[in-house]
Amino acid sequence: MRRRSFLGAVLAGAAVPCAGPLLHAAESGKKPLRAGMIGLDTSHVIAFAKTFNDPKASGDLADVKIVAGYPGGSPDLPDSWNRVKKFTEQLREMGVEIVESIDALLQKVDVVFLESVDGRPHLAQARPVIAARKPLFIDKPMAASLADVLVIFDLAKKNNVPCFSASSTRFGSGFQAARKGKFGEIRKCTAWSPMSIEPHHPDLFWYGVHGVEILFTIMGRGCKTVTRVGPKEVLGTWEGGREGRFVGKDGYGAEVEGTLGKGPAGKYEGYTPLLVEVSRFFKTGKPPVAPEETIELFAFMEAADASKAKGGAAVTIAEVLEKARQAAT
């Protein structure tokens, strides 16, 4: 499918699955999947490696092992260059081989974690992974623009490469229970997380993405308009008049009102629920989050900046997607 056709399908709301399964290597009696990490400038690489490479790892977590890493790093981003050396050395001490290029890494691994803390290089770093047909998990933020998100999913689709991105907040048991009907049909949801801002990214991309991920986990797709209510508050209107609100503040959580009741939806439960899902994804090739939902989630965050630029006027998801589609093509 050509890129324009793929993006047109997204805008039209058509289902566009990422790809079918490519790997089933971690069955009983077989060696774990060899995983590589691109971008060693986030604490996630240490936490993930400790989890997967723990000799006592069991179940799905025992089916993946981090074997190689490419440091990467962004010289114009302090949160990257002042950490990459430290985390690289920690991985080396854990027995992970450090390589000098993405191409070298791809020769040693079955699957890839794209971990660069900076979303700007994600598209360029994803291209060789997809060309090598390696299943790919992209850590938050998936990219630094909605246009890049569209291109990554388009490339993955055209090359039949499994690909997904998500925050670890998505897989908290309480948030998943709300998504699956604990409160009935959701009428209102307010989700929150910290919202530190990085000037190279739209406001919510850098850290607000965690709370927006909670919001979309609970609300699902169907957001129509986005309004920047305040510096750290964004209101979305979903189909049927449902309301979803993101608030930037300390902690992670959500308050939900549905047809069967209302109350707190859950709390942050660490990285393990995410890593279990990533392992299953690597083994089956089936992403636990549809590309369309991730695209709409990033459109929501980009629309928040567009609304801010218009003094708080409402912005439609459709117009933001159209602008991003034009940039992507």
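1. Three bridges connect strand β5 (residues 136-138) with β6, and the two run parallel; strands here are DSSP runs of E of at least two residues, helices are runs of H or I of at least four, and both are numbered from the N terminus. Within this pairing, I138 has S165 of β6 as its bridge partner.

2. The model is predicted, so local features need pLDDT of at least 70 and side-chain atom pairs count only at pLDDT 80 or more, while totals for chains, interfaces and linings use all residues. Residues are numbered from 1 along each chain as its sequence is written, and side-chain values use heavy atoms, without hydrogens and water.

3. The six strands form an open sheet in the order β3-β2-β1-β4-β5-β6, with parallel pairing (at least two DSSP bridges between two strands). Because β3 (97-98) and β6 (163-165) are the edge strands, each with a single partner, one side of each lacks a neighbour in the sheet.

4. Helix α7 (residues 146-158) packs against helix α12 (residues 317-328) at an angle of about 65°, their axes being 8 Å apart (lines fitted to C-alpha atoms over the stretch in contact, with angles from 0 to 180 degrees between N-to-C directions). In α7, L146, A147, L150 and V151 meet α12 residues including V320, L321 and R325 (heavy atoms within 4.5 Å).

5. Eleven of the 13 residues of α7 are buried, so the helix is largely enclosed by the rest of the structure (buried: under 20% relative accessible area, 1.4 Å probe, protein chains only). Among them are D148, F153 and D154. Just after α7, N160 adopts a positive phi of about 60°.

Notes
Buried means under 20% relative accessible area, exposed over 50%, partly exposed in between (1.4 Å probe, protein chains only).
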